[in-house]
Amino acid sequence: MSLTSSFLQLSSILKPHHPSQFLHGSLPLPSLPKIPHFSSSPPPPPPSVLTVRAMKIVQGRVVCVSSDKTVSVEVVRLAPHPKYKRRLRKKKKYQAHDADNQFQVGDYVQLEKSRPISKTKTFIAIPVPPRNSTRGVDLGLPLQSAEQG
């Protein structure tokens with residue numbers, strides 16, 4: 001009896017008699033049990049209308065008024081540096097609609113998002129009082145130095 005015939009007899013004994021999708025007669029892997037979800041309540045339904053509230057209103061300084069009914073506004077924001085995490089000033093210019101041509105260079109305005117007015121204009125400029133307008137306002141209270149003198 002040769003070595004190959006004894007090997008064939010041994011392999012026929014170890015092979016199952018039914019055809020299997022696995023090679024060399026190996027047994028199929030047992031199926032894993034399903035893991036139940038931890039939350040017993042169903043997830044909430046997604047909202048029907050998604051609203052994005054990013055950058056509807058921004059403030060900036062007018063830098064150019066050369067066009068009719070259009071002002072160029074520079075908006076400054078602070079953003080962290082990607083590597084060093086230090087806050088840097090980022091500047092961006094927006095074109096805004098000024099219907100009455102009331103703004104001059106240096107005025108602070110508020111930009112409000114609107115429908116597209118032209119190719120580059122999607123904001124409307126609204127006047128904003130300057131930041132230091134509350135200083136020097138008389139509250140009607142006498143100062144201590146005024147009472148002594």
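1. K69 sits in the loop that links β1 and β2 (strands here are DSSP E runs of at least two residues, numbered from the N terminus). Most residues other than glycine have a negative phi. K69, though not a glycine, has a positive phi of about 60°. K69 is partly exposed, at a relative accessible area of 39% (buried is under 20%, exposed over 50%, partly exposed in between, with a 1.4 Å probe and protein chains only).

2. A word on the source before going further: this is a predicted model, in which local features need pLDDT of at least 70 and side-chain atom pairs count only at pLDDT 80 or more, while totals for chains, interfaces and linings use all residues. Residues are numbered from 1 along each chain as its sequence is written, and side-chain values use heavy atoms, leaving out hydrogens and water.

3. K85 lies in the loop between β2 and β3, a hairpin with six residues between its strands. K85 is not a glycine either, yet has a positive phi of about 65°. With a relative accessible area of 59%, K85 is exposed.

4. Now the overall fold. Five strands close into a barrel, in the order β1-β2-β3-β5-β4, with mixed pairing (two strands pair if DSSP finds at least two bridges between them). From one strand to the next, the twist averages 50° (axes are lines fitted to C-alpha atoms, and angles run from 0 to 180 degrees between N-to-C directions).

5. β3 shows both kinds of pairing. β2 and β3 are antiparallel over 11 bridges, whereas β3 and β5 run parallel and are joined by three bridges. Take Q95: S72 has Q95 as its bridge partner in β3, and Q95 also stands opposite K121 in β5.

6. Which residues make up the largest nonpolar core? There are 12: V58, V62, V71, V73, V75, Y94, A96, F103, V109, L111, F123 and A125 (such a core is a set of buried Ala, Val, Leu, Ile, Met, Phe, Trp, Tyr and Cys residues joined through side-chain atoms within 4.5 Å). β2 gives the most, with three residues.

7. Finally, have a look at A96. The bridge partner of V71 in β3 is A96. Leaving aside residues up to four places away in sequence, A96 touches K69, T70, V71, V73, L111, K121, F123 and A125 (contact means heavy atoms within 4.5 Å).

Terms used
Helix = DSSP H or I, 4+ residues; strand = E, 2+ residues; numbered from the N terminus.
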